[in-house]
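Dear colleague,

Please find below the structure that I am handing over to you. My notes on what was found in it follow directly after.

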Amino acid sequence: MQIIAQHGEIFIILACLFGFFMAWGVGANDVANAMGTSVGSKAITIKQAIIIAVIFEFLGAWLAGGEVTNTIRKGIIDPELLQDDPQLLVYGMLSALLAAGTWLLIASMKGWPVSTTHSIVGAIVGFAVAGLGAATVDWGGVGTIAASWIVSPLLAGTVGFVLFKSLHHLVFEARDPLAAAKRYLPAYVFLVGFVVAMVTMTKGLKHVGLDLSFAQSLLISIILGLVLSAIGTWMESRVKYVKSNDDHFGYANVERAFGVLMIFTACAMAFAHGSNDVANAVGPLAAVISVVQSGGNVEGAALVPWWVLVLGGGGIVVGLVTYGHKVIATVGTGITELTPSRGFAATLAAATTVVLASGTGLPISTTHTLVGAILGVGLARGMAALNLRVIGTIAMSWLITLPAGAGLAILFFFMFKGIFG
């Protein structure tokens, strides 16, 4: 308790700095994943992707980021076992942020799309086992998180597969594919708006003072979906379609129509990513703040302060702007050839899976989810459509992430313990 009273301000300043560094890593590595499909399918340029991500990542972090933050803050280590030594939790969370941020910096420089969720969860489990003993880890909670890393890519892959097959059946196999695309486009835009709005309304808005009932959330989500649908129809009407003798079925024009949809799914994916992955940066930061402000009470279940989510959102934005382009190239063009229709199916599948997980408080890996969705869309076209060498490299970087995060966290934990303890 005395150490926390003595160094409380230093702990909060360090937590803010390391939290911002970790959020920077999330922006440089993970946001690039979220935008990769849109850029890879040439629906939007890198510059447009960055503008969309800056706005919607920030909104997702601020409006819907609180639920997952609680899992990262309290769902991995059992706080009851740290009542006597609350400063150990502070050292641990600081070391987890610094370790995960460092690993993300290395991965982003290499262009590897690694999981920021793996990085932070691995770091927290690593310092807990080495510094506090295996009994302090809530293995049930960790098991649930680990299971979600397998379930989320499978779910996103399945949704991506089904979505792409539905597009193929309804649009590409129709007698007039372009007319079919125009007919179904408003329904797909409605789906994007409804899913994202519904999860945000039901789970994400308590900390901004809005506590809506399920019926109110449903009504608002339907209205928002319809508004977006109308905007999508208007945007589609402004698309310039080109007649070509080589393109008998008008598939190139169908892809132009889907380019409109990709703008909506890019916004949805950025929002979904901000809502889930800001927790990786601000969860440990919120834990340090609550321990210091409560004078060493580890169980302090205070709401995450709004400015913490803003700090996390800001760090994500800076990371994307300064370093995001490398990972965008890997995800957007490396795994399978993406067109706007394929990119749309993959991004909507991933965004749906991520916002549902954010609503239930599960810190799933956006990277795994999106790569799973792209694989699902690729498989819908047959195994030959996939670049297995790139997939192998991505899988290797995923396997290294957990031990890398854990090892760095153990190193930093004993460093902080030596400095302050």
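Helices, as the term is used in this message, are DSSP runs of H or I with at least four residues, numbered from the N terminus. Please bear in mind that this is a predicted model.

Overall composition

The protein has 14 helices and zero strands. Read from the N terminus on, its elements run α-α-α-α-α-α-α-α-α-α-α-α-α-α. Of the 421 residues in the protein, 59% are buried.

Aromatic pairs

The structure holds six aromatic pairs. One of them joins Phe127 and Phe413, whose ring centres are 5.6 Å apart and whose planes meet at 25 degrees, so the pair is stacked. Because Phe127 belongs to helix 5 (residues 116-132) and Phe413 to helix 14 (residues 388-420), this pair ties together parts that are 286 residues apart in sequence. Phe127 is buried, with a relative accessible area of 0%, and Phe413 counts as buried at 0% relative accessibility.

Phe190 and Phe194 form another stacked aromatic pair, with 5.8 Å centre to centre and 15 degrees between the planes. Both residues lie in helix 7 (residues 177-204), where they are four residues apart, about one turn of the helix. Phe190 is partly exposed, with a relative accessible area of 25%; Phe194 is also partly exposed, with a relative accessible area of 22%. Which residues do ring pairs link into a cluster? They are Phe127, Phe413 and Phe414.

From helix 7 to helix 8

Ser213 is located in the loop between helix 7 and helix 8. At 34% relative accessibility, Ser213 counts as partly exposed.

Helix 8 (residues 214-237) has 24 residues, which should span 34 Å at 1.5 Å a residue; the end C-alpha atoms are 35 Å apart, which agrees. The buried residues of helix 8 are Ser217, Ser221, Gly225, Ser229, Gly232 and Glu236. Val227 is also found in helix 8, and at 43% relative accessibility Val227 counts as partly exposed. Together with Leu219, Ile223, Ile231 and Trp234, Val227 forms a nonpolar patch on the surface, with about 490 Å² of accessible area together.

Helix 6 (residues 139-172) comprises 34 residues. From its first C-alpha to its last, helix 6 reaches 48 Å, close to the 50 Å expected at 1.5 Å a residue. Where does the kink in helix 6 lie? The kink, of about 25 degrees, is found at Trp149, shortly before the proline Pro153.

Helix 13 (residues 366-379) has 14 residues and reaches 20 Å from its first C-alpha to its last, close to the 20 Å expected at 1.5 Å a residue. Helix 13 is mostly covered, with 12 of its 14 residues buried. The buried residues include Thr366, Thr367, His368, Thr369, Leu370 and Val371. Further along helix 13, Gly372, Ala373, Ile374, Gly376, Val377 and Gly378 are buried as well.

With kind regards

Notes: Residues are numbered from 1 along each chain as its sequence is written. This is a predicted model: local features need pLDDT of at least 70, side-chain atom pairs count only at pLDDT 80 or more; totals for chains, interfaces and linings use all residues. Side-chain values use heavy atoms; hydrogens and water are left out. Helices (H or I, at least four residues) and strands (E, at least two) are DSSP runs, numbered from the N terminus. The expected span of a helix is 1.5 Å times one less than its number of residues. The bend at a residue is the angle between axes fitted to the seven residues ending there and the seven starting there. Buried means under 20% relative accessible area, exposed over 50%, partly exposed in between (1.4 Å probe, protein chains only). Patches are made of residues with over 30% relative accessible area and no salt bridge: like charges are joined within 9 Å, nonpolar side chains (Val, Leu, Ile, Met, Phe, Trp, Tyr) within 5 Å. Accessible areas come from the Shrake-Rupley method with a 1.4 Å probe; for residues, only the protein chains shown count as cover. A salt bridge is a side-chain nitrogen of Lys or Arg within 4 Å of a carboxyl oxygen of Asp or Glu. Rings of Phe, Tyr and Trp (its six-membered ring) pair if their centres lie within 6.5 Å; planes under 30 degrees apart count as stacked, over 60 as edge-to-face and the rest as tilted.
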